[in-house]
Amino acid sequence: MDYKTLYAKTPPTRLFFKAAVPGSIGMLASSIYQLVDGMLVGQLLGNTAFAALNLAMPFVIINFALADLIGVGSSVSISIRLGEKNEKEASNLFTCASLMILGAAVLIGSVLFFAAPFLMRLMGADAELAALAVQYLRVYAVFSPLTTILFAVDNYLRICGKIRTSMALNIFMAGMCALLEFLFLYVFRFGIWGAALGTCISMSLSTLIAFYPFFRGRLALKFCRPRFSARSIRKTLSCGCPVFLNNVAGRVASILMNTILLRLGGDSAVSVYGILMYVDGFIQPLLYGMCDSLQPAVGFNWGARDYRRVTAIEKRCFTASGILSLVFSAVIFFFPAQIAGLFTQGGEAGLLEMAIPAVTLFSATYVTRWISFASQSFMSAIEKPLLASIISVMTVLGFPVVLILIFWPLGLTGLWLNLPGTALLSAILSVVILFGIRKQLRGTEE
């Protein structure tokens with residue numbers, strides 16, 4: 001089935017299962033690997049290495065953020081251009097975006113490689129913790145040109161209707177990451193840098209596989225002689241801004257949280273926060289995979305001005321996101337000890353004692369988190385970057401900083417309450433914005 005038939009003719013419910021389910025399965029494989037990554041480092045290398053991984057991870061995500069800015073931004077515009085039947089411009093945007101991501105990856109990777117020691121010292125890490133975090137971060141920095149573009153090309157595959165190919169690629173990458181990391185850490189006894197190396201090798205190989213059909217010219221998007229224009233670059237950056245701000249602002253918030261946690265509770269508090277982030281890293285990719293897989297369909301129909309179909313697709317996206325989130329919220333609430341134990345070496349008593357109440361409080365996050373997540377994805381898909389950016393920045397930075405100040409007297413408990421409190425405030429903001437868009441859609445349909 002070609003992308004036109006898939007996105008324009010397939011009944012909305014069937015389209016949801018054909019697009020969102022494979023997208024979620026692919027991201028599930030990725031999220032399972034992220035859990036395995038944290039478990040292997042925590043169980044095989046110990047609490048200090050696990051804390052180092054969590055200190056370095058915000059900078060790793062920032063390294064990917066610029067690629068996401070260009071990749072996601074271009075994907076929105078490409079989908080809409082295809083809906084407008086302007087395939088030539090869609091291929092030009094695809095080519096220009098790929099070159100821009102490659103250049104940005106070389107630049108940011110170089111900066112992170114040389115700045116890594118300074119960044120860890122700035123966060124207040126001691127000698128051993130800082131050294132481990134630098135090792136981990138520098139491996140990602142070296143592989144940056146081949147790894148950061150992976151998620152962009154994954155979007156391009158889905159735009160071309162190759163949703164199952166995207167799913168298979170994510171499963172392959174996750175399996176290869178887990179295999180190599182186990183081999184490097186358990187068999188060869190490498191240090192924390194081995195965990196990063198296993199991931200980067202797997203991602204680099206997946207990038208090359210993903211680009212192969214594009215190099216062969218077999219898909220709707222084709223490489224061409226690039227024609228850069230200030231207008232298209234501005235549009236790409238504007239549409240990608242919500243995801244970029246979400247990544248960067250979120251990592252800034254994580255760096256702030258880690259810095260406060262080091263001072264209030266030491267390495268153990270950072271490790272507990274890392275456990276929460278790994279649980280979030282399992283659930284959020286599922287929601288992302290579901291919503292992101294539907295973005296090409298939403299963008300295509302928005303470009304074709306079929307607004308009723310856009311509304312029908314989004315209703316299914318919001319419903320499924322809500323059900324999935326509530327199920328995970330219940331699982332986390334009833335099994336906090338088992339979840340925390342996955343990331344602690346030998347079930348360290350002190351760390352578990354701190355982690356169990358934190359995980360229990362964290363379970364409330366997903367009662368409302370899905371509302372802002374699905375809303376932001378919808379705003380991005382229909383070229384409403386300002387509204388999506390407002391939701392994004394307030395969710396990952398604005399509300400968390402405000403709640404840090406409000407909950408400060410509660411100490412560590414206040415920090416654990418930050419995530420569910422942020423989710424609730426972001427949901428309220430998103431509902432207000434959605435009502436405005438709903439009025440606009442009704443007016444357009446008429």
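A: Helix α14 is followed by Glu383, and the phi of Glu383 is positive, near 60°. Helices here are DSSP runs (H or I, at least four residues; strands are E, at least two), numbered from the N terminus. This is a predicted model, in which local features need pLDDT of at least 70, side-chain atom pairs count only at pLDDT 80 or more, and totals for chains, interfaces and linings use all residues. Residues are numbered from 1 along each chain as its sequence is written, and side-chain values use heavy atoms, with hydrogens and water left out.

Q: How many residues of α14 are buried?
A: The helix is mostly covered, with 13 of its 13 residues buried, where buried means under 20% relative accessible area, exposed over 50% and partly exposed in between, using a 1.4 Å probe and protein chains only.

Q: And what should its 13 residues span?
A: Helix α14 (residues 369–381) should span 18 Å at 1.5 Å a residue, and its end C-alpha atoms are 19 Å apart, which agrees. The expected span is 1.5 Å times one less than the number of residues.

Q: At what angle do the axes of α14 and α15 cross?
A: They cross at roughly 150° and come within 8 Å, the axes being lines fitted to C-alpha atoms, for helices over the stretch in contact, with angles from 0 to 180 degrees between N-to-C directions. That makes α14 roughly antiparallel to α15, given that angles under 35 degrees count as roughly parallel, over 145 as roughly antiparallel, 65 to 115 as roughly perpendicular and the rest as oblique. In passing α15, α14 makes a left-handed crossing; a crossing is left-handed if the near helix is turned anticlockwise from the far one by less than a right angle, and right-handed if clockwise.

Q: Where is the kink in α15 centred?
A: It is centred on Met394 and amounts to about 50°, the bend at a residue being the angle between axes fitted to the seven residues ending there and the seven starting there.

Q: Switching topic, how far apart are the axes of α2 and α10?
A: Helix α2 (residues 12–45) and helix α10 (residues 230–303) have their axes 7 Å apart and pack at an angle of about 155°, and are therefore roughly antiparallel to each other. The crossing of α2 past α10 is right-handed. The residues of that contact divide into 16 nonpolar, eight polar and one charged, with Ala, Val, Leu, Ile, Met, Phe, Trp, Tyr, Cys and Pro counted as nonpolar, Asp, Glu, Lys and Arg as charged, and the others, Gly among them, as polar.

Q: What about α7, is it oblique or roughly antiparallel to α10?
A: The two are oblique to each other, since their axes cross at roughly 50° and come within 9 Å. This crossing, too, is right-handed, with α7 passing α10. Nine of the ten residues of α7 (residues 150–159) are buried, among them Asp154 and Arg158. Just after α7, Gly161 takes a positive phi of about 85°.

Q: Which loop holds Lys85?
A: Lys85 is in the loop between α3 (47–83) and α4 (87–122), and has a positive phi of about 65° although it is not a glycine. Most residues other than glycine have a negative phi. With 71% relative accessibility, Lys85 counts as exposed. Arg305, in the loop between α10 and α11 (307–334), also has a positive phi of about 65° without being a glycine, and Arg305 is exposed, at a relative accessible area of 63%.

Q: Last one: how far apart in space are Pro226 and Thr95?
A: Their C-alpha atoms are 6.0 Å apart, although 131 residues separate them in sequence. Pro226 is found in the loop between α9 (192–215) and α10, and at 33% relative accessibility Pro226 counts as partly exposed. Pro11, in the loop between α1 (3–8) and α2, lies 9.1 Å from Arg309, C-alpha to C-alpha, at 298 residues apart in sequence.
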